[in-house]
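Trainee: I would like to learn how to read a sheet, its helices and a metal site. Please take me through the features one at a time.

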Amino acid sequence: MRLDIKNLTMAFQSRGKICVVFENISFSIGDGRFVILLGPSGCGKTTLLSIIAGFQKAVNGTVELDGIPVTKPGPDRAFVFQDYALFPWMTVGQNILYPMKQQRISRSEQTERLNQLLALAHLEGFENHYPDQISGGMKQRTAFIRALACSPRVLLMDEPLGAVDYQMRQMLQEELEAIWLKDRKTVIMVTHDIEEAVYLGDRVIVMSGGNGGIIEDMRVRLDRPRDRRGHRYLEYKNHLTRVLKTALQGEEPGTEPGRGFLAAL
Ligand SMILES: Nc1ncnc2c1ncn2[C@@H]1O[C@H](COP(=O)(O)OP(=O)(O)OP(=O)(O)O)[C@@H](O)[C@H]1O
Ligand SMILES: [Mg+2]
């Protein structure tokens with residue numbers, strides 16, 4: 001699914017003051033692209049994802065999916081929330097089955113798909129546990145596979161691996177990539193992890209704090225699966241580190257770092 005974001009502006013009113021989160025953001029994502037959203041805390045990443053999901057309305061501008069404006073949530077878009085948002089009264093298994101039941105998938109297919117997804121996230125044997133009986137990382141893995149359960153065309157993920165430990169995180173990045181390569185959904189994923197951004201992204205968009213908008217839009221031109229120790233891989237990581245430092249300082253970046261950097265490759 002193609003995604004076009006045009007002149008998007010978002011602001012909140014708090015205690016009589018208007019606080020602009022971002023202004024006039026525009027970018028397009030081609031069908032089947034894996035896009036990473038990076039930026040300092042509070043720059044509006046979650047807000048942007050939730051507007052694309054249709055949970056919030058922008059003050060100005062439009063989001064279009066295959067040319068059709070988004071006005072409300074729909075089954076074509078799945079959202080993995082930053083705080084998991086699992087239903088606490090349902091077990092792991094019931095949480096994952098929930099979107100499949102909504103879509104009236106046959107019972108035998110539900111069971112087959114549930115087992116596949118549990119295996120994928122190494123959660124076999126935990127299907128009868130409730131969310132407060134499992135770790136933060138396990139909750140995130142449950143939330144992630146629940147989003148895959150209804151086969152969405154666009155996957156919006158807000159730090160889906162943020163609470164997963166380092167080694168499990170790398171494994172899950174590789175599994176996430178393998179799943180994505182099978183049917184190449186359009187993905188927008190927020191992360192704070194530069195390693196994750198370069199490993200997974202076809203493209204990394206960096207937003208700046210202080211309403212600075214998009215300060216970098218970098219294509220990662222590396223074959224998959226990526227060699228985490230490769231020379232160019234490390235160059236991409238170093239470049240993003242510099243851009244993020246600039247974003248955190250709230251200053252203007254140097255002259256078009258993306259282009260200069262890519263020209264040098
Ligand atoms: N419902 C709301 N009412 C008022 N202000 C809000 C609301 N939602 C978000 N904001 C403000 O908008 C800004 C962006 O918030 P958002 O959650 O999108 O940031 P973020 O980039 O996802 O940060 P983090 O990396 O910490 O998750 C923040 O300053 C936040 O306080
Ligand atoms: Mg957020």
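Trainee: In what sense do β7 and β8 pair, and over how many bridges?

Mentor: Two strands pair if DSSP finds at least two bridges between them. Strands (E, at least two residues) and helices (H or I, at least four) are DSSP runs, numbered from the N terminus. Here β7 and β8 pair in the parallel sense over 5 bridges, and Met157 has Met189 in β8 as its bridge partner. This is a predicted model, where local features need pLDDT of at least 70 and side-chain atom pairs count only at pLDDT 80 or more, while totals for chains, interfaces and linings use all residues. Residues are numbered from 1 along each chain as its sequence is written, chains are lettered from A and ligands numbered from 1 in the order in which they are written, and side-chain values use heavy atoms, with hydrogens and water left out.

Trainee: How many residues of β7 are buried?

Mentor: Buried means under 20% relative accessible area, exposed over 50%, and partly exposed in between (1.4 Å probe, protein chains only). In β7, 5 of the 5 residues are buried, so this strand is largely enclosed by the rest of the structure.

Trainee: Which way do the side chains of β7 point?

Mentor: In a regular strand the side chains alternate between the two faces of the sheet. Val154, Leu156 and Asp158 point one way from β7, and Leu155 and Met157 the other way.

Trainee: Where is the antiparallel pairing?

Mentor: β9 (residues 203–208) and β10 (residues 213–219) pair in the antiparallel sense over 6 bridges. Val206 stands opposite Glu216 in β10. The two strands form a hairpin with 4 residues between them, and Gly210 in the turn has a positive phi of about 65°.

Trainee: At what angle do α2 and α4 pack?

Mentor: Axes are lines fitted to C-alpha atoms, for helices over the stretch in contact, and angles run from 0 to 180 degrees between N-to-C directions. α2 and α4 (residues 136–149) pack at about 25°, with axes 7 Å apart. That makes α2 roughly parallel to α4 (under 35 degrees; over 145 is roughly antiparallel, 65 to 115 roughly perpendicular and the rest oblique). Contact means heavy atoms within 4.5 Å, and the residues making it include Ile96 of α2 and Ile145 of α4.

Trainee: Which residues coordinate the magnesium ion?

Mentor: Donors are N, O and S atoms within 2.8 Å of the metal (3.2 Å for Na, K and Ca); water is not among the atoms, so sites may look incomplete. The magnesium ion (ligand 2) is coordinated by Thr46 (OG1) and Gln82 (OE1), at 2.0 to 2.5 Å. Thr46 lies in α1 (residues 45–53) and Gln82 in the loop between β6 (77–80) and α2 (92–102), so the pair ties together parts 36 residues apart in sequence.

Trainee: Are these two residues buried, exposed or partly exposed?

Mentor: Thr46 counts as partly exposed at 34% relative accessibility, and Gln82 counts as partly exposed at 39%.
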